[in-house]
Amino acid sequence: MSSIPFDRYDEEFLSLTEQVRRSLASLEGDIESGGSSVESDLKMTANLLSQCDDLLKQMGLEARSVGDASAKRELLDKVKKCKSKLQGLRSEYNAARNKMDRANLGLGGSAPHSGGASNDHRERLLKTSGQLEEQNRTLDRARRVMAETEETALEITEELGRNREKIESAHGRVKDVSGLTNRARRIVQSMNRREVQQKLAMYVVSAMLIVVLIVILMNLR
């Protein structure tokens, strides 16, 4: 298989990650300045990250479809590096979203304090938000582990399939060689039988000639 399709996937992934970085930079600036486009930046970044996920799945399928084992390992290593890069971008996105939540709760350092009870309430909300965020990150990690496990299982299944084909091919060759050996054995046995028959015929003819010769000699006397 040509590497051109995979190279195109690689270029597309690079383009998407650059867009994610620009979107994250815009998001950070809006959060710092209190801009009105924070929500749209968040949605845009989340959408780009989702596109990266879909592209990585396609890249994994493309890499696993390569027949050459060495080329397959090289492409799968590229996919793993892309996954690591995407994970870093996702962490930046989660940090930016957490920062936005703090700012919305008035805990970003710029909002005035309106009382201890209000601050306690904000702190509880922030703690709850942090716990939810951590749960989301845990679920994301679990999904990534499941996806990687699925990819590994697919690779093992494909490898077992190739090994089975090799074994079946070798078994077929063994059967062919065994059939040729049996045929050669039968030919040798047939040749041995003909040799014995020819020797017997020669002995019979020789005996008959001896008898005839004796009879002729007796008649001459």
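Is E18 buried, partly exposed or exposed? E18 is partly exposed, with a relative accessible area of 35%; buried means under 20% relative accessible area, exposed over 50%, and partly exposed in between (1.4 Å probe, protein chains only). The legends below describe a predicted model, in which local features need pLDDT of at least 70 and side-chain atom pairs count only at pLDDT 80 or more, while totals for chains, interfaces and linings use all residues. Residues are numbered from 1 along each chain as its sequence is written, and side-chain values use heavy atoms, with hydrogens and water left out.

View A. The side chains of R21 and E18 form a salt bridge with an N to O distance of 3.4 Å. A salt bridge is a side-chain nitrogen of Lys or Arg within 4 Å of a carboxyl oxygen of Asp or Glu, and by this rule the count comes to three. R21 and E18 are separated by about one helical turn because they are three residues apart in helix 1 (residues 4–33). Helices (H or I, at least four residues) are DSSP runs, numbered from the N terminus. R21 is partly exposed, at 36% relative accessibility.

**View B. The salt bridge between R90 and D53.** In this pair, the closest N and O atoms are 2.6 Å apart. The bridge links distant parts of the chain, with R90 in helix 3 and D53 in helix 2 (residues 38–64), 37 residues apart. Helix 3 spans residues 69–104. The side chains of R90 and D53 are also joined by a polar contact of 2.6 Å (a pair of N or O atoms within 3.5 Å; within protein, one must be able to donate a hydrogen and the other to accept it, and residues adjacent in sequence count only if both atoms are side-chain atoms). R90 counts as buried because its relative accessible area is 16%, whereas D53 is partly exposed at 29%.

**View C. The salt bridge between E195 and K199 in helix 4.** The closest N and O atoms of E195 and K199 lie 3.7 Å apart. These residues are four apart in helix 4, and therefore separated by about one helical turn. E195 is partly exposed, at 40% relative accessibility, and K199 is partly exposed, with a relative accessible area of 40%.

**View D. A nonpolar surface patch that includes L217.** V212, L213, I216, L217 and L220 together form this patch, with about 490 Å² of accessible area. Patches are made of residues with over 30% relative accessible area and no salt bridge, like charges being joined within 9 Å and nonpolar side chains (Val, Leu, Ile, Met, Phe, Trp, Tyr) within 5 Å. Accessible areas come from the Shrake-Rupley method with a 1.4 Å probe; for residues, only the protein chains shown count as cover. L217 belongs to helix 4 (residues 116–220) and is partly exposed, at 46% relative accessibility.

Methods:
Helices (H or I, at least four residues) and strands (E, at least two) are DSSP runs, numbered from the N terminus.
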